[in-house]
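My notes follow the structure.

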Amino acid sequence: MSIEESIQNADTASPPEPDAVTEPAPPARRPRRRGLRTLGLIAVAAVVGLVGGTAVGYRVQADREPTALPPLNQPGLAYPAKPLPKGQEPAPLSAKEDRQTKAQGDLRKLLLPKPAGVRKDEFGGGVGNGWMPVDEFASAFDRPDRALDYQLDLGLRRVAAESWMTGEHKRIEIRLVQYRANDTLGAQEYIEDQQDYMPHEDYAGNEGKELKGSSEGRYYLFPADRKAGYLDFYEARAYFHRGDIAVEIFVGDTEKISEKEIRSLAERQLGRL
């Protein structure tokens with residue numbers, strides 16, 4: 001019999017006989033519910049401890065002397081830490097070694113020279129003297145007017161280009177697109193934009209391959225373009241930049257272009273910058 005039944009029976013039973021001796025029943029205890037009250041006490045204690053600890057922390061910090069900040073000028077970071085002895089200073093870079101000097105000179109001299117025995121490009125447009133006019137450069141895009149505005153926003157400065165024909169139908173063109181020094185990294189942004197659409201189906205349709213020696217340069221082989229009544233057309237491109245100069249290399253032919261050819265062109269042009 002449970003405790004509740006015992007209590008209920010005790011309340012309904014008839015009073016005992018006068019001469020009967022009974023022992024008083026022990027008081028029934030209510031089971032203690034654990035959990036909510038205990039958790040509540042713990043939560044209150046945590047809040048009190050947090051508030052108290054924060055107040056003590058502020059008090060301790062307020063009583064301390066302020067910590068002095070390090071000086072803004074730290075001459076110890078200069079390189080070299082100590083001036084080199086007289087006569088041991090490094091020699092200034094020569095014009096050949098100083099990339100900035102080369103880039104500020106005649107940009108056409110940095111172009112990869114034409115190989116011996118090649119023919120004049122029949123489709124060279126305004127590339128004849130090694131300079132490509134800005135409007136000629138913009139006309140190669142789908143929207144020349146928007147392309148020109150975009151290039152001017154990037155800080156387009158000048159374009160040097162060279163092209164030639166070899167074999168029966170092969171055409172090669174190289175462009176050095178130089179941008180002005182400002183808060184926009186024109187060369188890098190332009191090359192990244194060109195690389196972004198190379199994986200699209202209308203272009204190379206692939207991610208290309210990394211060009212060794214450059215930070216983000218890549219070269220691409222396009223799938224054959226086949227149309228009824230026309231010769232098959234193959235294309236390869238390379239895009240990379242160095243400093244403020246963006247480089248574009250185009251190869252087109254009616255015969256398949258090898259990966260080695262476009263990679264070699266890109267590596268040799270990169271070596272001249």
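**Entry 1: Arg-158.** I noted at the start that the model is predicted. I placed Arg-158 in strand E2, which spans residues 156–166. Is Arg-158 buried or exposed? Its relative accessible area is 16%, so I list Arg-158 as buried, the cut-off being under 20%. I then looked for a side-chain partner. The side chain of Arg-158 makes a polar contact with the side chain of Gln-178, at 2.6 Å. Arg-158 and Gln-178 are 20 residues apart in sequence. Their C-alpha atoms are 5.5 Å apart in space.

**Entry 2: aromatic pairs.** I counted 7 aromatic pairs. One of them joins Phe-137 and Phe-141, edge-to-face, with 5.7 Å between centres and 80 degrees between planes. I checked accessibility next. Phe-137 is buried at 0%, whereas Phe-141 is partly exposed at 23%.

Phe-141 also pairs with Tyr-190. Why do I call this pair edge-to-face? The planes stand at 65 degrees, and the cut-off is over 60, so the label applies. The ring centres are 6.5 Å apart.

I traced where this pair sits. Tyr-190 is buried, at 1% relative accessibility.

**Entry 3: cluster.** Which residues form one aromatic cluster? I wrote down Phe-137, Phe-141, Tyr-179 and Tyr-190.

Technical notes:
Residues numbered from 1 in each chain as written. Predicted model: local features only at pLDDT ≥ 70, side-chain atom pairs only at ≥ 80, totals over all residues. Heavy atoms only, no water. Helix = DSSP H or I, 4+ residues; strand = E, 2+ residues; numbered from the N terminus. Buried < 20%, exposed > 50% of the residue type's maximum accessible area, 1.4 Å probe, protein only. Polar contact = N/O pair within 3.5 Å; in protein donor to acceptor, adjacent residues only side chain to side chain. Phe/Tyr/Trp six-rings, centres within 6.5 Å; stacked < 30°, edge-to-face > 60°.
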